Amino acid sequence: MDAALGPPEKMAEQAEDLTPMMSQYYELCRRYDDSLVLFQVGDFYEAFCEAAERVARLCEITLTKREDSTGEYAMAGVPIDNAESYVETLLDAGYRVAVADQVEDPDEVSGVVERAVTRVITPGTLTEDELLKSPDNNYAAALATDGRRYGLALLDVSTGDFYATSAADVDTIADEADRFAPAEAIVGPNVDDAGVFGPECQVSPYDEAVFDREAAGERVRAYFGDPETLLADDVEVRACGALLEYAEYTRGGGAGTSDEIAEGEDGRLEYLNHLTRYDPREYMLLDAVALDSLEVFERRSVRGHEGRTLVDTVDETACALGRRQLSDWLRRPLVDEERIQRRHGAVGELVRDVRTRERLHGLLADVYDVERLISRVARGRANARDLRSLAASLSVVPDVREALSGAESDLLADLHETIDPLTEVREEIEAAIREDPPPEVTEGDVIRRGYDETLDDLRETERSGKSWIEDLEAQERERTGVDSLKVGHNSVHGYYIEVTDPNLDRVPDDYQRRQTLKNSERFYTPELKEREEEILRAESAADDLEYELFREVRDAVAAESERVQALADRLATLDALVAFAEVAANHDYCRPTVGADGFDVEAGRHPVVERTEASFVPNGTEMDRERFLAVITGPNMSGKSTYMRQVALLCVLAQAGSFVPARSAALPIVDRVFTRVGASDDIAGGRSTFMIEMDELSDILHGATGDSLILLDEVGRGTSTADGLAIARAVTEYVHDEVGAYTLFATHHHDLTETAADLPGAVNLHFETRRVDGDVVFEHSVAEGAAAASYGVEVASMAGVPDAVVERSRDLLDGGGADAGTHEDVGVGANGHAPAGVDGSDGTGAATNGADGDAATSLEQWTDAAAGDEGGRDDGAVTADDPVRERLRELDVATMTPLEAMNALAELKDRTED
């Protein structure tokens with residue numbers, strides 16, 4: 001954010017001599033020195049001096065000038081009717097925008113019109129539909145610390161969703177911030193927010209005094225009651241109170257006393273009725289790395305093309321309420337088995353009862369965004385159309401309750417009992433507000449006829465007067481004999497009778513001249529003037545009364561905001577359940593068993609990939625407490641990464657309350673999903689790909705428990721093969737011996753399969769591949785055992801790498817020009833160990849090679865040893881078989897490719913087992 005805000009320097013130099021209007025602007029800039037002030041002047045929002053130059057440059061509008069007795073000032077303005085698009089540009093540029101509206105009627109003020117900041121628009125406190133681009137939550141956050149613990153508060157000002165939590169370590173708080181992804185944050189004294197909030201979150205400067213415990217506590221009390229009973233820690237109180245004050249500030253208030261707040265002064269958010277305090281341990285933790293790797297909410301762009309995300313794939317919600325609820329369930333999957341089972345029970349009933357499911361989906365499609373509607377109503381910003389939208393939403397609730405009347409599952413039955421139709425609220429809106437009212441609430445035609453007798457009388461006077469005028473033209477034409485005579489109206493001169501110049505000699509004596517035009521004259525009569533005044537009085541009085549009545553209806557609805565929000569929560573829950581059931585029924589999902597002592601998945605599928613591929617090969621998963629770590633090998637593109645993510649997404653869906661894509665599935669309750677899948681450089685932060693990889697690995701090894709799920713993909717890629725293999729092996733052993741988490745480890749370090757074979761809790765898995773007419777065919781099916789090879793050059797060819805590069809790669813491998821000792825696709829390890837499945841030290845004829853031998857040398861020594869030559873030993877396991885000895889002597893190991901070496905070894909192994 002540009003720090004050069006505040007009062008314009010030119011104005012500061014002559015503040016005492018400024019004109020009244022410019023003095024207002026100067027004072028508002030001084031008070032809101034952290035924001036760019038847009039100052040209403042007529043139908044435009046204007047900025048002056050340095051601010052005008054910024055606005056003109058960023059919004060690409062004309063920079064003009066204003067000149068008065070004190071000098072000349074740069075000026076730039078945006079039309080009020082289209083201000084949101086320009087405000088969005090300013091927000092994207094890092095500014096907060098203080099909107100200063102005229103708070104007096106210019107027609108009723110003799111001097112300068114008073115202006116006041118009615119709202120400060122910031123990234124985290126948006127409420128305007130034009131700026132809220134999606135139905136998803138838009139959170140602001142506050143972070144406080146007392147040196148021992150950290151408190152985090154999160155508030156969506158547009159919906160009223162308000163959460164608080166705390167933890168002893170900042171990493172846990174950072175994980176929670178990742179989970180909610182706030183758009184903006186304020187931080188208290190002594191807080192180092194580095195690494196807590198992501199790059200998309202704007203950390204805004206704000207008065208640290210709002211984090212004072214006493215002041216924050218009073219503010220929480222004014223909204224929700226005793227903070228001691230609501231919140232678990234003083235740091236939570238401080239964060240919540242500070243965030244409330246900041247939200248009030250952005251509504252044009254803030255810094256008021258608790259008594260003023262309780263009386264509705266200083267920007268109080270009347271619709272904030274509920275504060276949810278939660279413990280992070282109540283939910284499966286998905287940090288930013290996991291959310292990104294699993295593509296839960298955002299798809300990583302591939303060659304500029306965006307694909308589907310998990311939320312896109314399962315989002316069959318009918319309304320915005322359900323979309324937010326479903327997103328929240330995926331962001332915070334449950335760990336309480338009973339709550340998970342309640343959701344599964346409801347989904348299962350809706351899957352079976354097709355008629356009820358489809359009826360509910362149709363009804364919910366007619367529900368508007370009730371949460372945002374009621375927040376606008378409570379803030380006094382709702383128009384008549386908003387009230388009609390709320391009434392339309394309420395009108396479907398009786399049918400929703402009726403559809404749930406026979407519900408058997410606990411959760412659906414509970415929704416049936418607790419859904420409040422708010423009948424009196426709907427009836428009041430329908431009785432008061434016209435069905436299709438205009439967007440403006442101050443210009444009439446808002447209140448329905450019959451709602452208020454006085455208003456009806458005024459409107460009748462207005463209508464009868466206008467009807468008299470409509471008949472006047474015909475009467476005057478007949479009286480004067482002037483067929484071209486016209487009766488008209490304009491905003492300056494009012495009603496008039498217009499006669500062209502050739503007919504002026506026929507004008508009656510009672511006509512009084514009102515206006516002279518080029519070819520005609522305009523007149524009025526005493527009776528016309530009397531009728532005009534009567535109409536204007538009735539019209540003005542009716543408009544004023546309509547606005548007063550509208551505000552009374554709006555205030556009455558606002559008084560029921562807590563009930564409306566409770567209804568919105570239940571409709572959101574129902575919509576999310578119906579969406580899960582729709583997906584399950586239409587895409588063959590099964591109800592999972594949760595709380596199992598391991599994974600037992602039959603024919604599992606990746607929920608996103610199966611929708612984007614023409615065909616998808618299902619795979620099962622079996623892990624338990626005795627066999628919980630799988631080392632997965634196989635070529636690139638064979639399906640390793642998809643499979644690992646598939647397992648994680650099954651857990652996320654199941655614990656969110658959804659059925660899962662599988663023939664059957666028994667799953668453990670996972671407390672956290674860790675992912676080390678892919679990385680990129682952070683050049684600006686001074687971190688390489690390898691450093692990022694190691695940072696993520698460190699988080700996993702320190703944070704995982706026996707109930708976690710770990711996905712590791714190619715640990716150790718960013719360094720030498722020897723170092724990478726050493727790290728990968730050490731990590732495997734540590735996870736196995738010290739952590740005990742369910743782990744899927746995909747690797748091209750084939751030597752790692754030996755480590756897995758030696759660990760009692762580990763198993764080797766591979767993705768099957770075969771050759772057809774010289775081409776590599778991926779089966780995409782997982783099986784036990786280690787892969788024979790990785791087919792790196794073949795994959796490069798399939799990816800479209802130029803033929804010259806592919807052929808040169810083969811030549812280098814065939815001729816030994818490539819350093820086979822650092823090639824991860826070689827079945828014989830870089831340290832000379834025998835390939836997977838062959839033990840080089842158990843006396844079966846394979847001699848252990850010295851360190852750092854390359855693949856060809858290692859193979860040659862192994863074959864020499866097997867044949868009884870120098871450097872090996874003959875124990876009869878192989879050398880007694882003359883065909884094997886002859887085959888070994890035929891091998892030209894100096895010119896063999898790694899793939900040919902692996903195939904030759906596999907052939908020899910088969911012969912020895914015949």
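I began with helix H6 (residues 213-224), which has 12 residues and reaches 16 Å from its first C-alpha to its last, close to the 16 Å expected at 1.5 Å a residue, where the expected span is 1.5 Å times one less than the number of residues. I took helices as DSSP runs of H or I with at least four residues and strands as E runs of at least two, numbered from the N terminus. This is a predicted model, in which local features need pLDDT of at least 70 and side-chain atom pairs count only at pLDDT 80 or more, while totals for chains, interfaces and linings use all residues. Residues are numbered from 1 along each chain as its sequence is written, and side-chain values use heavy atoms, with hydrogens and water left out.

Next I looked at H3 (residues 49-59) and H4 (residues 83-92), whose axes, lines fitted to C-alpha atoms over the stretch in contact, come within 10 Å and cross at roughly 100 degrees. H3 and H4 are therefore roughly perpendicular, a term that covers 65 to 115 degrees. Val55, Leu58 and Cys59 of H3 meet Tyr86, Thr89 and Leu90 of H4, with contact meaning heavy atoms within 4.5 Å.

Finally, I noted that the protein chain has 32 helices and 26 strands, and that buried residues make up 52% of its 914 residues.

Technical notes. Axes are lines fitted to C-alpha atoms, for helices over the stretch in contact, and angles run from 0 to 180 degrees between N-to-C directions. Angles under 35 degrees count as roughly parallel, over 145 as roughly antiparallel, 65 to 115 as roughly perpendicular and the rest as oblique. Buried means under 20% relative accessible area, exposed over 50%, partly exposed in between (1.4 Å probe, protein chains only).
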